[in-house]
Amino acid sequence: MIAVQSAQYRQLTAEAEERIDLIIVLGAKIEGEPLRPTATLKERLDLAYHYWQQHPELLIITSGGYPDQLTESEAMVMKRYLLALGIPDEQIFVEEQSTRTAEQFINSDQILRQQGIEIKHPLIITNDFHLPRAMMLARRSNLPWETIDGLGSDTPPRVKPWIIAHLREPLAYLHSWLRDFPESQ
């Protein structure tokens, strides 16, 4: 079993907690041999696990494709991590086709619909620095969701995640704001 540090996050309102019907964990870089989550991705997964512990009836979808021609998708590495924490296999779905944040919501919704699962109130989990862009793109996805809530995990206190959070992500947000308009089918 993997040890999870105490996850810190802003509390959702009681109303939001009542309506959430799915957890979507957005992918991030994986590394190593065997493949494992980076510190940034581990923060997201630990937050998802902590939230799931409070709401063990919720399904989870891990979302992320095959970066850099790796042999395993981000989503599958994420699922393996959550399984090791004790989340049952049947409660975790894997979306491994997306290569961009803008695709993750549409692809996740399609996988669930293929399983006969319709969601209306997803909870998006990512890192705090990524949450504003993720929420904007989720809302632009034109999915039949009634509400979208989000939780952002802490940015790991290392140089590379700090650079991504404070230099790359503002530019990515601007790019997405101007050019990313994902549309569901």
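Start by selecting leucine 123 and aspartate 149: the aspartate, in strand 7, is the bridge partner of the leucine. Strands here are DSSP runs of E at least two residues long, helices are runs of H or I of at least four, and both are numbered from the N terminus. Now follow the chain from strand 6 through helix 5 (residues 131–140) to strand 7; this β-α-β crossover is right-handed. That label applies if, with the strands pointing away from you, the path from the first strand over the helix to the second runs clockwise.

A word on the model before going on. It is predicted, so local features need pLDDT of at least 70 and side-chain atom pairs count only at pLDDT 80 or more, while totals for chains, interfaces and linings use all residues. Residues are numbered from 1 along each chain as its sequence is written, and side-chain values use heavy atoms, with hydrogens and water left out.

**The strands**

Five of its five residues are buried, so strand 7 is largely enclosed by the rest of the structure. Buried means under 20% relative accessible area, exposed means over 50%, and partly exposed is in between (1.4 Å probe, protein chains only). In a regular strand, side chains alternate between the two faces of the sheet. Look at each face of strand 7: Asp149, Leu151 and Ser153 are buried on one side, and Gly150 and Gly152 are buried on the other.

Two strands pair if DSSP finds at least two bridges between them. Isoleucine 124 stands opposite glycine 150 of strand 7. Strand 6 has six of six residues buried, so it too is largely enclosed by the rest of the structure.

Now bring in strand 1 (residues 22–26), parallel to strand 6 and joined to it by four bridges.

**Two stops on helix 4**

Select threonine 101, in helix 4. It counts as buried because its relative accessibility is 12%. Leaving out residues up to four places away in sequence, threonine 101 touches Leu26, His130, Arg133, Ala134 and Leu137. Contact means heavy atoms within 4.5 Å.

Glutamine 104 is also in helix 4. At 5% relative accessibility, glutamine 104 counts as buried. Beyond its neighbours within four places in sequence, its contacts are Leu26, Gly27, Ser63, Gly64, Glu95 and Ser98.

**Over to helix 3**

Jump to lysine 79, in helix 3 (residues 74–85). Is this lysine 79 buried or exposed? With 13% relative accessibility, lysine 79 counts as buried. Its contacts, again without residues up to four places away in sequence, are Thr62, Asp89, Ile92 and Val94. Try the distance tool on lysine 79 and leucine 45: they are 34 residues apart in sequence and 9.2 Å apart in space, C-alpha to C-alpha.

**Last stop: the largest pocket**

Select Gly27, Ala28, Lys29, Glu74 and Arg168, which lie nearest the centre of the largest pocket among its 35 lining residues. On a 1 Å grid over the protein atoms alone, a pocket is an open set of points where a 1.4 Å probe fits, with protein on both sides within 12 Å along at least five of seven lines; lining residues have an atom within 4 Å of a point. The volume is about 920 Å³, counted as the space filled by probe spheres set on the points, which are joined across faces, edges and corners.

Which helix gives the most to the lining? Helix 6 does, with eight residues.
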